[in-house]
Amino acid sequence: MARKDLLDLASLDRSEIDHLLEQAVPFKEVFTRSVKKVPALKGKSVLMLFYEPSTRTHSSFEVAAKRLSADVTNFDVAHSSVVKGESVRETVETLQAMRTDYIVVRHGRSGLPAMIASQTKASVVNAGDGAHAHPTQGLLDAFTLKEVFPEPEGRRVLIVGDILHSRVARSTSKVLKKLGVEVAYLGPGSLLPRTCPLGIPRFTDYEEAMRWKPDVVYLLRVQMERQEAQFFPSLREYHRVYGMTHERLKRIEDAGIWLMHPGPVNRGVELCDQAMDYSRSLINTQVENGIAVRMAVLYWLKPREG
Amino acid sequence: MARKDLLDLASLDRSEIDHLLEQAVPFKEVFTRSVKKVPALKGKSVLMLFYEPSTRTHSSFEVAAKRLSADVTNFDVAHSSVVKGESVRETVETLQAMRTDYIVVRHGRSGLPAMIASQTKASVVNAGDGAHAHPTQGLLDAFTLKEVFPEPEGRRVLIVGDILHSRVARSTSKVLKKLGVEVAYLGPGSLLPRTCPLGIPRFTDYEEAMRWKPDVVYLLRVQMERQEAQFFPSLREYHRVYGMTHERLKRIEDAGIWLMHPGPVNRGVELCDQAMDYSRSLINTQVENGIAVRMAVLYWLKPREG
Amino acid sequence: MARKDLLDLASLDRSEIDHLLEQAVPFKEVFTRSVKKVPALKGKSVLMLFYEPSTRTHSSFEVAAKRLSADVTNFDVAHSSVVKGESVRETVETLQAMRTDYIVVRHGRSGLPAMIASQTKASVVNAGDGAHAHPTQGLLDAFTLKEVFPEPEGRRVLIVGDILHSRVARSTSKVLKKLGVEVAYLGPGSLLPRTCPLGIPRFTDYEEAMRWKPDVVYLLRVQMERQEAQFFPSLREYHRVYGMTHERLKRIEDAGIWLMHPGPVNRGVELCDQAMDYSRSLINTQVENGIAVRMAVLYWLKPREG
């Protein structure tokens, strides 16, 4: 049964997640064809509403929509002085009046996509809201993991970095847990959540975390533009304590551990240069899968009639 | 008989206005379908040339063009250092050489779209030029009024605000007068035109204006970015003297008066919060009708051959 | 035989250049039709990657791609803080993972499009890289010249301005020489290349250059934003010494000499006002031909499979 919106992953049950991940498979298969496009959403309109700039996520959704043959319009809030002074509510009423079919929204405030969804008949896709959720990131990570481990139950993913403020950590943990994957967190004590409703082990020490024997190390991006850097003595220090250094890379290679990162990578911070060429890196695969998964999401959602 | 350009409403006769408003009806009907798109301008190209940013008008024209199946290209003058130094004439020669079919232009200088139209075979649509004209705004306002009053002759519309510098007031007044609607102005004496060729009553006092018994109160946007604010002691004072306050809202509700505004609204300035939910507000309807009317305009115009 | 990328003109042989110029003819013919579009690249995707803003070149490629029925996505590096911090290599890996068919790239650094091309299966078109090359400009200039002189062998083109830093001069000279056209340079000694491998005559004096009897005077744009201006005492002085002044215009008119410029023109610097209406000016024709030639290039290139 289709839903109207995708706001977070908490509300999706296992069968819905399975359905989305299965649906992404034929969409990804389309990318190997000469014409990487299907007519599934021909005549439908997708409006991009990005209050925070994000070249990659924006492009990924835009390419996904176009590969479904939808029309994409950018509602350019970032460069508009007028709309900045306008409350989001007025913007949403405008979009509702424009009768777009899908709205892809990114905003720094948690819960804003849900508010928008409640006021419009369009299907709303949350492309990241504050520290709350980034559901398509969670889905694409799950999809990527399943390509490597078709039976992911019991596999172990160690997420490293600023867990506390990360919507990626939140959404990816949620979907992985639903698939029966074991998740653990590694980061500075001040950047780990104090309580973990999902019963997720928390480590502050790299060695200790490795003894947990992860199948995948998932490095979060250090959000330098959000001044997270203040939590670390220095970026160099971050790299030394939590980064994928050259030494650690050799160790995970020997152990056959996979590497993930949501991108864009801060080289020399989360990853050493050599990690870019690591044979078990899934970073670029995540980008490709992001488009397939977003196609599956847009195709699955059903805007309200009328 | 089709025209090449839509530059202002003064040159359109009554039958042309009627034709455009009638043509917008089936286009609006398309919005209630699952696929909100018609192949009317398939293969045609629309170039957006916005020297002033305007997220809403830009999006409205872009969506209108795409619903007609046209291709839309943004000629990004706002972010281009090169083109800023270039005279408009060179830009127009470039556009003419690119052989686009339609040019939608917004510029701070009155008469600039007409100058462009004279130099290109493309159909030019004025999307607002200085204090001169905003013809599609006038048409969408007329269309919206006719939905409420199918026989608009003799109906009364009170336009409130900075009439003197408003291209919206100018274009909307013109088209309403052509439809036989009575128009009056209300605003500070310094912001009313000194003479009114169309014989439009002018009020400076709200009470006096209400005794004129309008069917519609049309609030203009206070253009804060254009420093119109200097004409008022304060925005609070503007709201108190000319805004739709909570008290006035109750009075127009009792009198069954409709509310219009071209958007985006400055809440607390032109309108109190409660006015956003006013049952006789046509503000969101204006947005929706804007797309239908712009589709009708693009469909009606005929670029010159060759 | 098709190539994967168009990076510069040095690597194209005469028959390839002839093929591209011939292919542009039917594409230009399309512009005279009511529907200026062909289905040649239907379902293919073109990604615009402009690290330097360029409204004209960007629009020209975008219109060209759309007239081939391709889908165009703008990878908005210019306004993205995230991507600025990211190395180009990561961006390219992202684009490769997105599996776009064509990448049109402009960058201030010479050789960057070649680096990108080596790392992606997409066809890469260089839309200008530093002082290195601007191959589609060279091709459109050659196409424009051939419209005037169908047998261009032995014709003489005088290129005027800052030759040393100009990728236009470089690419246009290269393609013209391959067509058997004679090329000469005119400019301040400090802005002429010290050695000319192609055996191109260099002049510093206008009179002397005119005695060489050119068929075309090709004025380069003074790149004021790149502070080239520092090389001249003043723009006025530049106009006096190397510009197309009113007097010189009369002389080239008498001699039947054609005028070219890559645009956008700095009026009063490279050209006097009257030159804008010069009957033998090819400036606007260059713009139109730019789209046709870019269509031919995109149509000719073949992305690698898979």
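Between chain A and chain C, eleven residue pairs are in polar contact, both partners at pLDDT 80 or more. On the chain A side, α2 (55-67) and α11 (283-300) each supply at least two residues that touch chain C. Helix α2(A) gives the largest share of that side, eight residues. By type, the chain A side divides into nine nonpolar, seven polar and eleven charged residues. The model is a predicted one.

The contact draws 27 residues from chain A and 25 residues from chain C. About 2,400 Å² is buried between chain A and chain C, and carbon and sulfur atoms give 48% of this area. Five salt bridges join chain A and chain C. A:Glu288 makes a salt bridge with C:Arg99; their closest N and O atoms lie 2.5 Å apart.

Now the contact of chain B and chain C. Here 25 residues come from chain B and 27 residues from chain C. The buried area is about 2,400 Å², with 48% from carbon and sulfur atoms. Chain B and chain C share five salt bridges. B:Arg99 pairs with C:Glu288 in a salt bridge, at 2.5 Å between the closest N and O atoms. Eleven residue pairs are in polar contact across the interface of chain B and chain C, both at pLDDT 80 or more. On the chain B side, β2 (71-74), α3 (81-85) and α4 (88-98) each supply at least two residues. The largest share, six residues, comes from α4(B). The chain B side that touches chain C splits into six nonpolar, nine polar and ten charged residues.

Next, the core. The largest nonpolar core has 78 residues, and A:Leu49, B:Leu139 and B:Ile159 touch the most other members. Helix α11 (residues 283-300) of chain B gives the most to this core, nine residues. What does B:Leu139 contact, leaving aside neighbours within four places in sequence? Its partners are B:Leu6, B:Leu9, B:Ile17, B:Leu20, B:Leu21, B:Val175, B:Val293 and B:Val297.

Over all chains, the count comes to 57 salt bridges. Three of them are set out below.

| Salt bridge | Closest N and O atoms |
|---|---|
| A:Asp101 and B:Lys36 | 2.7 Å |
| B:Glu147 and B:Lys28 | 2.8 Å |
| C:Glu237 and C:Arg240 | 3.0 Å |

The salt bridge of A:Asp101 with B:Lys36 has its closest N and O atoms 2.7 Å apart. This pair crosses between chains: A:Asp101 sits in the loop between α4 (88-98) and β3 (102-107) of chain A, B:Lys36 in the loop between α1 (14-30) and β1 (45-50) of chain B. Both A:Asp101 and B:Lys36 are buried.

B:Glu147 and B:Lys28 form a salt bridge within chain B. The pair links distant parts of the chain, with B:Glu147 in helix α6 (residues 135-148) and B:Lys28 in helix α1, 119 residues apart. B:Glu147 is partly exposed, at a relative accessible area of 37%. B:Lys28 is buried, because its relative accessible area is 16% and buried means under 20%.

C:Glu237 and C:Arg240 are three residues apart in helix α9 (residues 235-242) of chain C, so about one helical turn separates them. C:Glu237 counts as partly exposed at 25% relative accessibility. C:Arg240 counts as exposed at 53%.

One network remains. A:Arg14, A:Asp18 and A:Glu153 are linked in a network of salt bridges.

Terms used
Residues are numbered from 1 along each chain as its sequence is written. Chains are lettered from A and ligands numbered from 1 in the order in which they are written. This is a predicted model: local features need pLDDT of at least 70, side-chain atom pairs count only at pLDDT 80 or more; totals for chains, interfaces and linings use all residues. Side-chain values use heavy atoms; hydrogens and water are left out. Contact means heavy atoms within 4.5 Å. Buried area is the accessible area (1.4 Å probe) that two parts lose on being put together, summed over both. A salt bridge is a side-chain nitrogen of Lys or Arg within 4 Å of a carboxyl oxygen of Asp or Glu. A polar contact is a pair of N or O atoms within 3.5 Å; within protein, one must be able to donate a hydrogen and the other to accept it, and residues adjacent in sequence count only if both atoms are side-chain atoms. Helices (H or I, at least four residues) and strands (E, at least two) are DSSP runs, numbered from the N terminus. Ala, Val, Leu, Ile, Met, Phe, Trp, Tyr, Cys and Pro count as nonpolar, Asp, Glu, Lys and Arg as charged, and the others, Gly among them, as polar. A nonpolar core is a set of buried Ala, Val, Leu, Ile, Met, Phe, Trp, Tyr and Cys residues joined through side-chain atoms within 4.5 Å. Buried means under 20% relative accessible area, exposed over 50%, partly exposed in between (1.4 Å probe, protein chains only).
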